[in-house]
Structures are given as C-alpha cells and as structure tokens.
Amino acid sequence: MTGSADSSPDGTPGTPPGGTPGGSPDGTGTLVLAGTPIGDTADAPPRLAAELERADVVAAEDTRRLKRLTQALGVTVGGRVVSYFEGNESARTPELADALEGGARVLLVTDAGMPSVSDPGYRLVAAAVERGIRVTAVPGPSAVLTALALSGLPVDRFCFEGFLPRKAGERLARLRESAEERRTLVYFEAPHRLADALAAMAEAFGPERRAAVCRELTKTYEEVRRGPLEELAAWAADGVRGEITVVVTGAPERSADELDDDELVRRVRVREEAGERRKEAIAAVAADAGLQKRRVFDAVVAAKHAPQA
C-alpha cells in the first residue's frame, strides 16, 4: 500500500466513483466487513487480499496497521484509504454511507478480528441497512470463538460481554448483573486492568467459579491459564502483558430446594442494584427459581427486619 490515509494509491485525493462493477444491480454500492488476523498474519482469509485490491474505499481502524498487514500479504490496495476509528466514527459514517449510495464498494477492517465486535463498524452497518445498501462479510479470525474453543469450559451456550467498565464500582455492578447467568461468559480486558477485573469477578461470581485467561492468541507467546477466579486473580497480580480474552463458566443451575432465604435476598439485591424496582426484582427471582412470589417477598421482608450484626 502506497499513499496516506484519505488518499488514493497515487497520493491524490478523490471520491469513489458511482456505479462501479463492485456495486449492486440497483447502482448502490456494497459494504464489506472483513475479518483480519488476531495475531498470526497467515490466518488472514484468502478473500481478504482480493477485497483489498478490489475496494473503492478501504476504511481502516488504524491505517498504519493496515499498511503493515498489506505488506505482509503482498497486496496493493486498489482504492483510497480512510481512517475509521472510535474518535471519528460518528463524523465519518455519513461520508462513507454517501459513497456507498453512490455505488462504491467499501471495505471495513479493524486492527484485529471482525469489525463492529467491540470495534468500530456498528454505526456504518446500521447506516447502510437504513439506506437499503447491501452488506456482506469476509469471515475471519475471532478472539471470542478462539478463546471459547481453547478454554475447556462449556461452549454450547455463551454470551459475549465485551469490555467491562473501567471504574471499579461500575465494573462490579455490571458483573453482579451477570452473577446468575448460566451461559458461559466472554470478556475482553486490557492487561493493566486484568488483575482488578478478575478480583471483581471472584467477588461477584464466587472465588471458585472456573475461568480461563487467554493471552496473545495465535501469537508466539500464546498462553491459556485455567483455574478458579481467585487463583487467576492472584496470578495476574504480578502483571500480565498482551491481548487478553477472559472466559468464565456460567452459574451452576440450582433446584428450588437448594435456595435458602439468604440466596433469594442476594439475588433480589443484585437486580435492585442493576436498576430494577423491588417488586420487579422479586417477581423475576421467583420466576427464575420456580417459586411463588410470596416466598421471595417474605425472605426480603424478613431480611429487612433482621437485627444487624
């Protein structure tokens, strides 16, 4: 790739042509979401190279990283390259949507993995869909699925939670919302926040909840550390480097007979802290546990009037 961000390969600015061969039959363009390697560049999907050469516009989260990727793949970008990252996503989306409406083939790539999955892309996809523009994808590597497969934890049902809030109170509140989630949970986390995040998970989910920390997936120093959350938090306290994905097993399913009043009250409080009104929280806890609402209500009232230790 020659040329700088927001320029064509020969360095001259320009707008994408309308009605290009890469567009749709009605004259509008096509938005292509392309997965990029999460570590090893050899994992790049074969179609990625073809799309990089074919696109009228390549919207990249980091144009410098795109340049390194194209050099590794031996590819020359055929169209102009523009930056598309968190800081300019809102402002640049209308411009790219207009280009699509004019017939351009726009390729969206992020630094690693699939666009719009904890990365820029959602706004552009939504804008394209709203205008009736075709959206397609070049499937590629996924840190979420790779970590799930390597974790050794149940993967038949899972949910992706993205990045946790940076502030401790907000982070703990978010985790408490998922304390009773039975599906396996997947999180992204920054290395310098990993120890605090794992400690908060141990507090919200319990210290013995099984988890896996997946570090530097597909790279030279790939590592998967498995164990109870409390042990993983202690390990991470010494410092961890690299890209991190955390997989946590879901909450164990309990029968109604195993739920004492303290546990019912705890579940209600978790829901209240997440913003639910007490009446709604009691009803939800009762429904989840297969109990009468009165049973849960009585437990909450008893706890309220119990003497404080």
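Helices (H or I, at least four residues) and strands (E, at least two) are DSSP runs, numbered from the N terminus.

This is a predicted model, where local features need pLDDT of at least 70, side-chain atom pairs count only at pLDDT 80 or more, and totals for chains, interfaces and linings use all residues. Residues are numbered from 1 along each chain as its sequence is written, and side-chain values use heavy atoms, with hydrogens and water left out.

Confidence comes next. pLDDT is the predictor's confidence in each residue, from 0 to 100. The chain has a mean pLDDT of 88, and 89% of its residues reach 70 or more. Over residues 1-22 pLDDT stays under 50. Where pLDDT is low, the predicted coordinates should not be read in detail.

The chain holds 11 helices and 10 strands. Of its 309 residues, 46% are buried, meaning under 20% relative accessible area with a 1.4 Å probe, protein chains only. Contacts (heavy atoms within 4.5 Å) reach across the sequence: among those with a separation of 6 or more, 73% join residues 24 or more positions apart.

Back to α9. Its buried residues are Glu263, Leu264, Val265, Arg267, Val268 and Val270. Their cover includes α6 (168-177), α10 (278-289) and α11 (293-305). Just after α9, glycine 275 takes a positive phi of about 110°.

Now the largest nonpolar core, with 26 residues. Such a core is a set of buried Ala, Val, Leu, Ile, Met, Phe, Trp, Tyr and Cys residues joined through side-chain atoms within 4.5 Å. Tyr187, Leu194, Leu198, Met201, Phe205, Val246 and Val248 touch the most other members. The elements giving two or more residues are α6, β7 (184-189), α7 (194-205), β8 (210-215), α8 (229-236) and β10 (244-248). α7 gives the most, eight residues. Leucine 198 touches Val213, Leu229, Leu232, Ala233, Ala236 and Val246, leaving aside residues up to four places away in sequence.

β8 is mostly covered, with five of its six residues buried. Strands pair if DSSP finds at least two bridges between them. β8 pairs antiparallel with β9 (residues 223-228) over six bridges, and alanine 211 stands opposite glycine 227 in β9. β8 also pairs antiparallel with β10, over five bridges. Here valine 213 stands opposite valine 246.

Definitions and conventions: Buried means under 20% relative accessible area, exposed over 50%, partly exposed in between (1.4 Å probe, protein chains only).
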